[in-house]
Amino acid sequence: MLTAIIALTLLALVMGLLLGFASVKFKVEGDPIVEQIDKLLPQTQCGQCSFAGCRPYAEAIAAGEVDINRCPPGGEATIQSLADLLDVEPKPLDEECGVEKPKTLAVIDEQRCIGCTLCIQACPVDAILGAAKHMHTVIADECTGCELCLEPCPVDCIDMVEVAQNPNTWRWPDPSHLQLERGGQA
Amino acid sequence: MNKPLSDFPGGLKLRGHKKRSTQTPIRKTPLSDKLILPLQQHIGAAAMPVVSVGDKVLKGQRIARADGHVSVCLHAPSSGTVVAIDEQAIPHPSGLSAPCITIETDGEDQWIERHPVENFSEMSAHEIRQIIRDAGIVGLGGAGFPSFIKMNPGVHHTVETLLLNGAECEPYISCDDMLMRERADGILDGVEIMRHALRARNVILAIEDNKPLAISAMELALAARPHLTNTSIVVIPTRYPTGGEKQIIQVVTGKEVPSDGLPIDIGIVSHNMGTAYAVGRAINHGEPLISRIVTVTGTDVTHAGNFETLFGTPISELLEFAETKRQPDEPFILGGPMMGFNLSGDNLPVTKTANCILVGVEDAAPKTDPLPCIRCGDCASVCPASLLPQQLYWHSRAKEFDQTQDYNLFDCIECGCCDYVCPSKIPLVSYFRFAKTEIMNQEREREKSDLARERFESRQARMEREKREKEERQRQRKAALAASKAKKEKEAAAKAETAEAADKET
């Protein structure tokens, strides 16, 4: 009887120590699920989800505070991959946040630009180049199409243009769509 | 002549339809007034133009240079004037345009000075690769991968076997067949150079058994070169798609290329017969790749055959020369009936990868809407890559792209065997192509968003730092102000003291 109690107490002590040691030794920095969610978001920092950027939205999703369908730039594909990651049912995009649009790119009409630098300050990814009283221009490869530069521009010289496809980025059409268009059964 | 060692799974016995285009010798397509040369006719980065509009160019002159490692040069196929460098329609399933150089030919066809190599055996592998790269040579079997890269096995690999692919397994196509019949010696020139550069222990020339004339021509040429040791011709059974790189390696050597590996991982380098011929021309004659042999055939072609055609020649002119019953703007197939794609539009140029133009296919299946999949499994039994097309189809259709990759979607060579046998006429390959390009697009977007995140985070870090620095400056200024104030007060106090003392004295 006594030996059993002593043995179990000792065992519990040893195991407890082991667990305590492991929790210190193998401590995970940060919240890995937030990282994973953030990785799936398009990083436009556009704020259409009503959060101040992609990371805050990722944190809110991880905390279970919001739905996964509030990201218009990511669209259906992002919702699908978030659903896969979190093992929940995918939902259609929340229309409150906006609609999924084709990829666009900001283009500055350089004739009209007055060089006020307001768009440079607004761009979350430093994709606009220029200096005070000098013409500004968008680095096309870096632009995420977040539209955050449109609002501050005092002379309305920024347009969003659709990203042109080239043979290298072209995608084969979805065959099931083709059939539906022809009126056949899918 | 040796026997093949093994076999690949699946595949189909198809009617060849090759007689139609092998009745006449290779003919030269007449020089076109205008040559349209897309800057990207290969896998990799597009070439960079080195000429400008208005420049006079000579035949064989370099007009665009390789941009980056996976890229090759481009040359003027004939002498003339550069009239445009702009976007032109290119032969691509998308029907989109891409940057091209357009040359108006002067009809003189005057060559630039050529520098043939006297004795290639004194050259290093590196020098030979450089010439092959500068000559703009890409795999002429259809994929267009820059050949010089495959000529560089790297220091960790030794090349056991150099395999020359002369299977040409797809129906209707016969450009390699005719090349072997007529220019076997030229091919072997290239083979010798490749072997020297690769230090390959042995060489295998693999040819399908439906090309007896090509086999005997190659045997004759090989017999005349006794110094070409350890070289054999392997006659392989005619079965589609035995010409696929991984399939032909499996048939000839019995070894399987790993799923995410390359032939070099198992000591094999394979090249197309046409590529070997181009290598021979580049080294021994100093001629860059400016033309290729194109099969023009099909039920609507009157004088079907093989045509040595300069790159950039409009396909319409080639079709005119071969005489077809085709109406303008009627679609035709670029490539074979199994793997080719439909094109319409007349002004599309012949490119480095254009092996066949097919107008009218015999016993073509009527276009019907697909029926539901009945899970018969025929597609899996014919798949040469041992995949499960049925599973891939379900997941591609449901856009579950992660799962398609679990089923090794990217091992699919798009040979079309599954399409061919499907009793429900489901366009399986179209689904796989769709899924592949979607996945590649997602990957591109992920890369872009990673870059955006990096830039966003560094911007935030920068703003944080600037804020800190500003605060620091303000603090310093305040401190300096306070210090100077204290100093002034001290000085004032000292002055007052001395004044007081002076007062006392007086």
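In the predicted model described here, strands β13(B) and β17(B) run parallel and are joined by three bridges. Two strands are taken to pair if DSSP finds at least two bridges between them, and strands (E, at least two residues) and helices (H or I, at least four residues) are DSSP runs numbered from the N terminus. Within this pairing, B:T297 is placed opposite B:L358 in β17(B). Residues are numbered from 1 along each chain as its sequence is written, while chains are lettered from A and ligands numbered from 1 in the order in which they are written. Because this is a predicted model, local features need pLDDT of at least 70 and side-chain atom pairs count only at pLDDT 80 or more, whereas totals for chains, interfaces and linings use all residues.

Strand β13 (residues 291-297) of chain B is also joined, by six bridges, to strand β14 (residues 305-310) of chain B, and these two run antiparallel. Here B:S291 faces B:L310 in β14(B), and B:T295 stands opposite B:N306. These strands belong to an open sheet of six strands in chain B, with mixed pairing and the order β1-β14-β13-β17-β15-β16. The edges are formed by β1 (27-28) and β16 (341-343) of chain B; each has a single partner strand, so one side of each is left without a neighbour in the sheet. Helix α3 (residues 175-182) of chain B packs on the sheet and touches β13, β14 and β17 (356-358) of chain B, its direction making about 120 degrees with that of β13(B). Such angles run from 0 to 180 degrees between N-to-C directions, and axes are lines fitted to C-alpha atoms, for helices over the stretch in contact.

Seven of the seven residues of β13(B) are buried. A residue is classed as buried if 20 or more other C-beta atoms lie within 10 Å of its own, as exposed if 12 or fewer do, and as partly exposed in between, with C-beta atoms placed from the backbone. In a regular strand the side chains alternate between the two faces of the sheet. In β13(B) both faces are covered, with B:S291, B:I293, B:T295 and B:T297 buried on one side and B:R292, B:V294 and B:V296 buried on the other.

Helix α3(B) also packs against helix α7 (residues 273-285) of chain B, at an angle of about 50 degrees and with the axes 9 Å apart. The two helices are therefore oblique to each other, given that angles under 35 degrees count as roughly parallel, over 145 as roughly antiparallel, 65 to 115 as roughly perpendicular and the rest as oblique. Residues B:C175, B:D176, B:L179 and B:M180 of α3(B) meet B:M273, B:G274 and B:Y277 of α7(B), contact being defined by C-beta atoms, placed from the backbone, that lie within 7 Å.

With 10 C-beta neighbours inside 10 Å, B:G107 counts as exposed. Its C-alpha atom is separated by 7.3 Å from that of B:L31, 76 residues apart along the chain.

Chain B is divided into domain 1 (19-334) and domain 2 (378-438), with bounds from an automatic or database domain assignment. The C-alpha centres of these domains lie 29 Å apart, and five residues of domain 1 are in contact with six residues of domain 2.

Conventions: Two residues are in contact if their C-beta atoms, placed from the backbone, lie within 7 Å.
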